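Reader: I have a model open and want to learn how to read it. Can we start with the strands?

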Amino acid sequence: MYLKSLTLRGFKSFASSTTLQLEPGITCVVGPNGSGKSNVVDALSWVMGEQGAKSLRGGKMEDVVFAGTSGRPPLGRAEVVLTIDNSDGALPIRYTEVTISRTMFRNGGSEYAINGQTCRLLDVRRLLSDSGIGQRDARHRRAGTADSVLRATPEERRGFIEEAAGVLKHRKRKEKALRKPMRRRAT
Ligand code: ATP
């Protein structure tokens with residue numbers, strides 16, 4: 001499984017439809033200050049269901065919609081489309097290619113779709129939860145946030161590694177199971 005392409009339309013500084021082809025082996029986005037690198041990372045988190053405006057460096061969620069420039073009027077909606085190659089079947093869905101999209105209107109909530117079918121945020125989360133990728137994925141990081149990994153305590157670092165390796169969900173399930181009281185077998 002790998003991220004195949006990312007399309008941004010009206011998302012932050014990407015007023016015109018822009019598609020990034022993410023071939024295997026691409027591990028970072030470089031460019032001059034203010035060119036929109038972090039907006040690309042924000043778009044990835046957003047399409048995977050990020051709910052916190054602050055995590056996306058905004059005051060409110062509508063701030064992700066292109067706000068306009070001196071030469072271009074603001075837009076009314078933002079859309080991000082993420083295409084994931086699933087030929088190894090890592091995602092629990094019977095498609096070799098999976099497209100997740102999120103659309104938001106300036107005056108309303110978000111709409112999600114998986115392979116063009118409207119769905120709930122919960123469906124997007126479920127689809128991604130077993131894959132090790134998600135809106136808080138440790139593998140997608142802005143330059144500044146790499147620092148938080150380097151400064152992390154051993155416990156936090158263990159969390160990052162477990163999340164990236166996809167074992168965090170198993171630990172959480174085990175903890176949940178251990179919390180449940182043992183049921184007596186009926187005689
Ligand atoms: P840096 O090197 O400083 O981290 P960067 O390349 O990561 O910069 P970003 O922070 O992704 O750049 O992009 C910043 C640019 O995006 C700024 O010019 C900002 O005005 C613009 N921008 C952010 N949100 C919006 C929006 N909603 N509408 C229009 N432009 C926006």
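Predicted model: local features only at pLDDT ≥ 70, side-chain atom pairs only at ≥ 80, totals over all residues.

Reader: What does E5 pair with next, toward E6?

Author: E5 is joined to strand E6, residues 117-119, by three bridges, again antiparallel. Tyr112 faces Cys119 in E6. This hairpin has two residues between its strands, and Asn115 in the turn has a positive phi of about 50°.

Reader: You mentioned a cysteine. How many disulfides does the structure hold?

Author: First the general idea. A disulfide is a covalent bond between the sulfur atoms of two cysteines. Here there are zero.

Reader: Is Cys119 buried or exposed? And Cys28, buried or exposed?

Author: Buried means under 20% relative accessible area, exposed over 50%. Cys119 has 17%, so Cys119 is buried. Cys28 has 53%, so Cys28 is exposed.

Reader: Now the ligand. Which residues come nearest?

Author: The ligand has 15 residues around it; Gly34, Lys37, Ser38, Asn39 and Ala67 come nearest. By class, that shell has four nonpolar, seven polar and four charged residues.

Reader: Which backbone atoms lie by a nitrogen atom of the ligand?

Author: A backbone N or O atom of Asp63 lies 2.9 Å from a ligand nitrogen. For Ala67, a backbone N or O atom lies 2.7 Å from a ligand nitrogen. The ligand alone exposes 650 Å², and the protein buries 65% of that.

Conventions. Residues numbered from 1 in each chain as written. Heavy atoms only, no water. Near = heavy atom within 4 Å. Polar contact = N/O pair within 3.5 Å; in protein donor to acceptor, adjacent residues only side chain to side chain. Areas by Shrake-Rupley, 256 points an atom, 1.4 Å probe, with all protein chains shown as cover. Nonpolar A, V, L, I, M, F, W, Y, C, P; charged D, E, K, R; others polar. Disulfide = S-S within 2.5 Å. Buried < 20%, exposed > 50% of the residue type's maximum accessible area, 1.4 Å probe, protein only. Pairing = 2+ DSSP bridges. Helix = DSSP H or I, 4+ residues; strand = E, 2+ residues; numbered from the N terminus.
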